[in-house]
Amino acid sequence: MTSKTVERWTALWLLQHSLPSLTVNTVIALGLTAFGDGDFAPNLVYSHCIGISIWLSIETGLHFLVPNRKQQWRRLYLIVPVCVALGYLAGLYLASWLLNYPTDGLWSEQPRLLLGYLLLSLTAGGAMSYYFLSRGQLA
């Protein structure tokens with residue numbers, strides 16, 4: 001691990017990045033429960049699994065594919081949507097596994113619903129990435 005990597009994963013850094021992400025995940029779960037279908041607990045599990053998976057995939061993509069953000073920031077236009085889609089799929093299947101929900105016909109039974117959630121994830125992931133990267137440039 002480089003010193004920059006160790007710096008990134010300090011308790012303060014994790015707290016500064018996880019609290020806004022967990023808050024957004026919880027708000028999404030509340031919105032899905034209030035305006036959609038299902039109970040709060042499963043929505044919260046799905047929301048946090050998907051949100052945390054997206055966050056980890058973006059952080060991994062940034063670490064390995066954008067070592068110099070000041071010069072290589074244009075790569076983010078491709079990395080963020082790809083990482084959000086991968087994180088969405090990983091979180092969706094992780095939450096289904098944790099809740100013991102079947103995933104066999106998931107995409108064939110409700111494709112519009114899942115694509116809508118993917119669009120929601122792309123919007124939230126893009127906004128959160130912009131927030132954190134802008135804040136990092138100001139520091």
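**View 1. Just past helix α5, N100 has a positive phi of about 60 degrees.** Helices here are DSSP runs of H or I with at least four residues, numbered from the N terminus. Keep in mind that this is a predicted model: local features need pLDDT of at least 70, side-chain atom pairs count only at pLDDT 80 or more, and totals for chains, interfaces and linings use all residues. Residues are numbered from 1 along each chain as its sequence is written, and side-chain values use heavy atoms, with hydrogens and water left out.

**View 2. Here's helix α5 itself, 23 residues in all.** From first C-alpha to last, α5 reaches 31 Å, close to the 33 Å expected at 1.5 Å a residue (that is, 1.5 Å times one less than the number of residues). Its buried residues include L76, I79, V80, C83 and Y88; buried means under 20% relative accessible area, exposed over 50%, and partly exposed in between, using a 1.4 Å probe and protein chains only.

**View 3. Y88 and W107 make an edge-to-face aromatic pair.** Their ring centres sit 6.5 Å apart, with 75 degrees between the planes. Rings of Phe, Tyr and Trp (its six-membered ring) pair if their centres lie within 6.5 Å; planes under 30 degrees apart are stacked, over 60 edge-to-face, and the rest tilted. Y88 belongs to α5 (residues 76-98) and W107 to α6 (residues 106-109), 19 residues apart. Y88 is at 1% relative accessibility, so it counts as buried, while W107, at 28%, is partly exposed.

**View 4. Now hop over to L22, in helix α2 (residues 11-35).** L22 touches H48 and I52, leaving aside residues up to four places away in sequence (contact means heavy atoms within 4.5 Å).

Technical notes: Helix = DSSP H or I, 4+ residues; strand = E, 2+ residues; numbered from the N terminus.
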